[in-house]
Amino acid sequence: MSLSGLNSLYREMILDHSEHPHHKHKLENSTNKVTLKNPTCGDVINLEINVSDEKITDIGFTGEGCTISQSSASMMTDAVLSKTITESLEMAQIFSDMVMGQKRSAEDLEKLGDAAILSSVMQFPARIKCATLCWWALRKSLGEEVDD
Ligand code: ZN
């Protein structure tokens, strides 16, 4: 995929997260674990989280995939670490609304941290699944029903 259509600041942030992903490692003790694939692109994510007292106390991912999927997972793990399950699921909904082009308030988008810049993938409909894969993995790991 060419990221050349993107604003250069966004492009740099996306590349930086994919080249130096945050929380890309296995967890020694995870309470919740899930693997999801995006067959259209070949992205695979193994997400492990540790939930204690309704909070995500640790999170890590492994797997392979394109720049967008890796970078999105890095941003997602930054965003939800130390948040409650309710807050994390709300963020997953905000993210999915955002990339599908549904209006959310600036305040909501701010909750996503760096992940908010992925609203720019709306320009590339074929890549939306790459960006949402890690958030679906999060939802599934927290017990929500998700279509694989
Ligand atoms: Zn991808």
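How many salt bridges does the structure hold? The structure holds six, where a salt bridge is a side-chain nitrogen of Lys or Arg within 4 Å of a carboxyl oxygen of Asp or Glu. Before we walk through some of them, a word on what you are looking at. This is a predicted model, in which local features need pLDDT of at least 70 and side-chain atom pairs count only at pLDDT 80 or more, while totals for chains, interfaces and linings use all residues. Residues are numbered from 1 along each chain as its sequence is written, and side-chain values use heavy atoms, with hydrogens and water left out.

Let us start at the metal. Cys41 (SG), Asp43 (OD), Asp43 (OD), Cys66 (SG) and Cys130 (SG) coordinate the zinc ion at 2.2 to 2.7 Å. Donors here are N, O and S atoms within 2.8 Å of the metal (3.2 Å for Na, K and Ca), and sites may look incomplete because water is not among the atoms. Along the sequence, the donor residues follow the spacing C-x1-D-x22-C-x63-C. Cys41 sits in the loop between strand 1 (32-38) and strand 2 (43-52), and Cys66 in the loop between strand 3 (55-64) and helix 2 (67-80), so this pair ties together parts that are 25 residues apart in sequence. Helices (H or I, at least four residues) and strands (E, at least two) are DSSP runs, numbered from the N terminus.

How do these two cysteines stand towards the surface? Cys41 is partly exposed, at 33% relative accessibility, whereas Cys66 is buried, at 15%. Buried means under 20% relative accessible area, exposed over 50%, and partly exposed in between (1.4 Å probe, protein chains only).

Now back to the salt bridges. Glu90 and Lys111 meet through their side chains at 3.2 Å, N to O. This pair links distant parts of the chain, with Glu90 in helix 3 (residues 85-99) and Lys111 in the loop between helix 4 (106-110) and helix 5 (128-141), 21 residues apart. Glu90 is partly exposed at 33% relative accessible area, and Lys111 is partly exposed at 36%. Lys111 also forms a salt bridge with Asp108, with 3.5 Å between the closest N and O atoms; Asp108 is buried, at 12%.

Another salt bridge joins Glu144 and Arg139, whose closest N and O atoms are 3.5 Å apart. Glu144 is partly exposed, at 34%, while Arg139 is buried, at 8%.
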